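The following note concerns the salt bridges of the structure shown below.

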Amino acid sequence: MLTRADALNDAHARPAPVGAGIVVEEVTKHYGRRKALDDVSLAVPQGSVLALLGPNGAGKTTLVRVLTTLIRPDRGRALVGGYDVVAEAAMVRRSIGLVGQHAAVDEYLTGRENLALVARLLRMGRAETRQQASAALETFGLTDVADAPAATYSGGLRRRLDIAVTLLAKPAVMFLDEPTTGLDPASRRDVWTLVERLVADGTTILLTTQYLEEADRLADTVAVIDHGRLIATGTPDELKARLGGDTVQIRLADAATPHEAAKTLHTTMAIDAVEHNDGTIEMRVPEGAALLPEALRQLDSHGFAVTAAEVRRPVLDDVFLALTGERPLSGTGHPDQAPDPRRWTHSHGARSH
C-alpha cells in the first residue's frame, strides 16, 4: 500500500523540468483546519517574471514561504532553480534572493558598508569585496551616496540598495514581495527598470504586488490566487481578453432615458447594453473604437442627446475584480493570516546566515 510519505518521496525523486525556474505541483498547506494553499500548481520558466496576485489572505505569502523553504508543504512538491524545497532546502537557499516589503538594510551603515558586510558574510576576500561593492554602487546608481548612512536615503534609494545587496549572492531566482510598496511613482519606475534588467540577465522572478499596473508592466505570466486556490493564469493580455473586449460607456443628456437608449442599440445594432441610474449605458464589445461612431449615429437619429462617451480597454484591475469580486488594494498588503510564529525577514541567500 502506497503511503503518503512514499508518495512525497516519489514526487521528490522526479526530475525537474528543463528550463523551469520555479515548479509547483499540487501543493497544499493547512493551518489547523484552514487550507492556506489548496492543490496549487504553476511553473515559471527560467528568465521570466510571474506576478502572483490575490486578495489579502488569499495564499500568496504562504506560497512564497513554501518556495523559500520557510515552511513545508503538507502535500505536493515544489522546485526552485531545479532543487526540491523539502529534500534540498539548503541548495534552494543558496539559489535564491528574497526582497521583502520593507528594505532590510542597516541604517547605521553606509551603502558601501552594507554591501561590504554582506560580501564578507558570503566569504568574499577583501579585494573581491571592494570590487563587488564598487560595481554594485555604480550599477544601481548609488555612487553619489555610497558613503552616506542608509538612514539618510530616500525610500527609492533604500530599495535600490536592498536589491543590490541581495544580488551579491548572484541568485538564480528572486522573490520580490511587494517591492514598491510605499514608494513614490518615480522610485517605483526605478525599481521596475531594475527588475527588467535582472530578467534580461536571466534571473527568474516571482513578484507579489498590489499594484496591478506593475504586474501589467513586468509580468510575462500572471497567476491569480484566491482562498488558497489558483483560479487563473495567463499573460496579462490573455487575462484581459477573457473579459470580452473593450468597455464603451455613453452618458445621455436625459438621465431618465437609458432604458430606451439601450433598447434602441439592441434593435439597430444587436448590442446588449447595461443601464445605470446615473443616465449612462455601458457595453462590452470586441472593438470599442470601431463601434462607438455608429452607436452615436444611431442614438442621434433616434433622438437621444449624448453628453459624453468613452472607450476603455480592460486593465488587470478589471480582471482582478471579475475573478475575485474585490478591488485590488493600492496600499500596503498584509501577509496571509497564518499562525507561524517566525517573522518573515529579508534573505540574501543561505551563505549569509
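1. K29 is buried, with a relative accessible area of 13%; buried denotes under 20% relative accessible area, exposed over 50%, and partly exposed in between (1.4 Å probe, protein chains only). The model is predicted: local features need pLDDT of at least 70, side-chain atom pairs count only at pLDDT 80 or more, and totals for chains, interfaces and linings use all residues. Residues are numbered from 1 along each chain as its sequence is written, and side-chain values use heavy atoms, with hydrogens and water left out.

2. The side chain of K29 forms a salt bridge with that of D74 (3.7 Å, N to O), the term meaning a side-chain nitrogen of Lys or Arg within 4 Å of a carboxyl oxygen of Asp or Glu. Since K29 belongs to strand β1 (residues 20-31) and D74 to the loop between α2 (60-67) and β4 (75-80), the pair ties together parts 45 residues apart in sequence. Helices (H or I, at least four residues) and strands (E, at least two) are DSSP runs, numbered from the N terminus. D74 is partly exposed, at 22% relative accessible area.

3. A salt bridge also joins the side chains of R75 and D39 (3.2 Å, N to O). R75 is in strand β4 and D39 in strand β2 (residues 34-45), so this pair links parts 36 residues apart in sequence. R75 is partly exposed at 35% relative accessibility, and D39 is partly exposed at 34%.

4. R159 and D162 form a salt bridge through their side chains (2.9 Å, N to O). Both lie in helix α6 (residues 155-167), 3 residues apart, about one turn of the helix. Both R159 and D162 are buried.

5. Salt bridges with shared partners connect E26, D39 and R75 into one network. Across the whole structure, the search finds 16 salt bridges.
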